[in-house]
Each structure stands twice: as structure tokens, then as C-alpha cells.
Amino acid sequence: MPSALYLVPADAQEFWRSWTSGPVGALYLHVPFCLRKCAYCDFASCATPHQAPLMHDYARSLHAMVRQVGEYGLLDSLATAYIGGGTPTMLAPHDLGNLAAAVQRYGAIRELSCEANPESLTPDHLAALRDGGATRISLGVQSFIDEELRVLGRVHTGQKAREALQASVASGLRVSCDLMGATPRQTPQSFAYSIEQAIWLGVGHLSIYPLIIEEGTPFYAAVESGHMAQPSEDSEADAMLAAQRILTAQGFSRYEVASYSRPGEVCLHNLAYWNGTPYLGFGVAAASMVDAAGYEVLRQLMPQLPRNASAAARLRLSCTSSATEIAEAYGDVEALKFEIESLTAREAAAEDLMLAARTTFGIGRELQERAYEAIGREAVDATIDDLCERGLLKQVASGAYVPTQQGWLLGNEVYGALWDLASDN
Ligand code: SF4
């Protein structure tokens with residue numbers, strides 16, 4: 001039964017197409033606290049003692065920042081929001097619920113997701129999120145096998161993950177779960193078991209990533225010193241193919257490289273990142289992406305931002321303030337520090353092509369036309385034709401170019417070729 005909260009994938013695309021353009025369509029709030037750091041993690045997160053006072057001050061400051069930009073009108077066209085981490089459920093339930101409620105006051109929120117980890121999610125968190133207006137919860141499970149979880153450095157057990165998923169499904173929120181493939185000690189059977197457990201427990205959405213060894217992590221050091229094998233490309237591909245096989249047979253569709261959903265459970269917020277919708281982010285390392293006009297509106301509120309001297313068409317801001325600095329800002333967005341990346345119209349168009357190729361919706365007619373304008377028809381067609389000849393893209397009835405199965409598995413080749421269109425030499 002379709003309702004405001006349940007969209008079929010085609011509607012999800014249509015939703016953003018008909019979105020009333022404004023300064024931003026999506027809001028991301030980053031909560032950088034975790035009970036301890038996982039062995040593979042290079043995200044912006046830090047091990048934090050349970051109930052550390054910093055977390056309350058940080059949440060209160062984020063809450064005040066949302067109000068400040070909201071009262072200024074920056075969130076008038078807001079359609080989705082995502083409270084991510086780190087581990088947002090490290091916050092006290094009322095702090096997390098207040099944050100959700102603050103976001104819900106602005107725009108016309110269609111989807112409000114919150115990430116959670118099994119070890120810290122409580123019934124009080126679920127109640128506070130629901131009362132605050134959250135519509136969706138995304139649990140970082142990774143595996144249901146205790147030995148695999150232990151090696152990954154995760155805090156929770158398989159049983160704890162089962163309980164957290166059961167409670168989330170019972171709460172009435174839409175539920176997503178993250179799993180990881182090609183991890184140490186994992187076998188094809190144990191990976192299949194983890195996927196089947198998540199399906200059996202009633203999730204409507206799964207994100208399944210292969211393990212990537214990131215520099216600076218304990219796993220990286222273990223690979224460097226020869227104590228751990230680098231996961232092979234074959235094992236990554238095998239895991240992705242196995243996930244696709246199991247989930248497709250169970251009525252899920254893959255709509256992005258690593259995202260699967262039951263009909264109507266596509267994550268609208270993530271889709272915004274892949275279709276060029278402008279978004280705003282607050283919190284440690286949170287990113288924002290706006291066009292030149294949106295940037296000028298941001299500058300009125302944050303005069304510390306430099307002028308758009310190069311007349312960039314798209315600007316990406318990454319917050320460089322620490323958790324303590326954000327907490328001590330007490331909601332004053334003028335105290336925030338940012339790193340800024342500027343993109344020309346040509347670079348922005350190439351980026352849009354590359355991001356669209358991550359999704360099964362692909363590169364639609366409208367996007368092709370925009371790319372022709374910014375890059376030139378000849379260059380765009382030559383690259384797309386080449387990718388089609390190599391069997392990595394194909395054209396479908398709507399005129400969109402979508403990745404083939406091979407293009408999905410060799411995504412980096414597709415993205416690299418499309419990004420090469422950013423430069424004119
Ligand atoms: S829970 Fe997530 S963010 Fe926190 S350390 Fe583990 S992988 Fe990183």
C-alpha cells in the first residue's frame with residue numbers, strides 16, 4: 001500500500017525530479033562518537049566513554065545550528081535528513097530525539113533516517129526517534145557471526161544484532177542494515193547466513209560493502225606487516241555477486257552499487273547524493289554541496305566563508321572543526337571552520353554523470369542534455385559510446401544509459417572514464 005513513507009524506486013527518482021528547488025534538499029548531521037574504534041574504520045569517529053558530557057554539549061550545539069539555519073530559511077525546501085556517524089545512539093535518547101524533532105520543524109520532510117549500532121540502541125532511543133519524527137533506522141550490523149565481529153573489532157555480538165533489528169522492526173520505523181563482505185574468517189556460507197538473517201528479521205533495505213583496507217587503520221598495519229591478507233578483487237566480486245543472487249531471489253532490487261531495497265524502501269536521502277541535489281551537513285567532517293547561489297546564501301549566515309572568487313558552479317564544504325570546537329560553538333555556525341572545494345560547471349557535470357552511473361537509474365536524458373551543455377556533445381557521446389562498446393554501459397528504453405552487470409563490478413573503470421570528462425584535454 002503506497003503511502004507518504006513508502007516509495008517504489010521509480011517514484012524515488014521522480015520524487016527528486018519534482019523537488020521544489022531551493023538552497024538545499026537534504027540535511028546530514030554527523031555524530032562522531034563510538035564506544036570503540038573498529039579495526040577497519042577510517043570514518044570521522046572517535047572512541048568516547050559512555051555518557052561523556054561532551055556528547056550532550058555536542059548534540060545541543062548541533063540542535064541549535066539546525067534551528068539557526070532553519071530560522072534563516074535555508075531549510076525551507078528540505079525533503080530528507082540523515083543523522084549519521086559514528087554512532088548516533090551513543091547520544092542519550094532525549095538528545096537524539098530532540099535532534100530529530102529539530103529537523104522535522106523545517107521544510108517538508110519525507111524521510112528522516114538515523115544510524116544506530118546494536119550495542120548502544122535501546123528501546124528509549126527507538127521511542128525518542130519515533131516521537132521526534134524519524135521514519136527510518138539504519139543499523140551497522142556487518143555480520144551475525146561472533147568470530148567475524150570480533151576480528152572486525154565490533155563491540156556487539158550476533159545475538160545483540162538480532163535483538164536490535166527485531167526491536168527496530170517492531171518499532172514501526174523502516175529498517176535498513178549494513179553488512180560487510182570479503183572480511184577475515186568469513187566464508188561464502190557465513191556471508192549468506194548473515195544476509196538471510198537480516199532478511200528473516202524483516203529489514204526492507206540493505207547496504208552491502210566489501211571490506212576495504214584503508215590507510216591508517218589497524219587492518220592496514222596488519223596487511224603491511226604481513227599478518228593479514230589483503231582481500232582479493234575476486235573475493236570482493238564473489239561477495240557482491242552472492243549478495244545480489246540471494247537478495248534478488250528474496251524480492252530485493254539493487255538500485256545502487258551497494259544498496260538493495262524491497263519495493264518502496266529506497267533511501268531517498270542517499271539518492272540525493274547521487275543525483276546532484278544540494279545538501280547541507282553539520283558536525284565533524286560533515287560535507288555540504290551547494291551551487292553558487294546557495295553558497296551566497298550560506299555566506300550571509302557564515303561570513304567566515306571566503307568569497308567564491310573563481311565563480312565556481314558548485315562548491316563542496318567539509319567541516320574541519322573538532323567535536324569539542326563544535327560543542328563549544330553553542331550553535332553558532334559563524335564559529336565553524338571549513339575546507340572548500342570548488343568545481344567548474346564542466347567538473348560538476350562530469351561529477352553528476354559519474355554519480356548517476358552508480359545507480360541503476362543511470363544517466364537519464366535530462367542529465368545527458370546538461371552534460372552536453374557544460375562539456376560538449378561530442379566528448380560526452382564519445383565517452384558513453386566507448387563505455388557501451390566495452391560492455392560497461394547500455395542504453396535502456398527510456399534513453400538512459402545504465403551500468404551493465406560488468407559495469408557494476410568494474411565500477412571504477414566507468415567512474416574514471418566519466419570523470420575524465422571534467423578536464424578538456
Ligand atoms: S561503529 Fe562505525 S563509525 Fe564507529 S568505529 Fe565502527 S565502523 Fe567506525
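A: In this predicted model, the largest cavity has a volume of about 30 Å³, and a search of the whole structure finds one cavity of 30 Å³ or more. Its lining is made up of Arg254, Val257, Ala357, Arg358, Pro403, Gly407, Trp408, Val414 and Tyr415. Two elements, helix H16 (405–409) and helix H17 (411–419), each give two or more residues to the lining of this largest cavity. Sorted by class, the residues lining the largest cavity comprise six nonpolar, one polar and two charged.

Around the ligand lie Cys34, Arg36, Lys37, Cys38, Tyr40, Cys41, Phe43, Ser45, Gly86, Asn117 and Arg154. This shell around the ligand divides into five nonpolar, three polar and three charged residues.

Ala164 sits in helix H6, which spans residues 158–170, and because its relative accessibility is 6%, where buried means under 20%, Ala164 counts as buried. Once the neighbours within four places in sequence are left aside, Ala164 is in contact with Pro118, Leu121 and Leu139. As for Asp291, which lies 127 residues from Ala164 along the chain, the C-alpha atoms of these two residues are separated by 39 Å.

How values were computed: Residues are numbered from 1 along each chain as its sequence is written. This is a predicted model: local features need pLDDT of at least 70, side-chain atom pairs count only at pLDDT 80 or more; totals for chains, interfaces and linings use all residues. Side-chain values use heavy atoms; hydrogens and water are left out. A residue is near a molecule or strand if one of its heavy atoms lies within 4 Å of it. Ala, Val, Leu, Ile, Met, Phe, Trp, Tyr, Cys and Pro count as nonpolar, Asp, Glu, Lys and Arg as charged, and the others, Gly among them, as polar. Helices (H or I, at least four residues) and strands (E, at least two) are DSSP runs, numbered from the N terminus. Buried means under 20% relative accessible area, exposed over 50%, partly exposed in between (1.4 Å probe, protein chains only). Contact means heavy atoms within 4.5 Å. On a 1 Å grid over the protein atoms alone, a cavity is a set of points where a 1.4 Å probe fits but cannot get out, and a pocket is an open set with protein on both sides within 12 Å along at least five of seven lines; lining residues have an atom within 4 Å of a point. Grid points are joined across faces, edges and corners, and a volume is the space filled by probe spheres set on the points.
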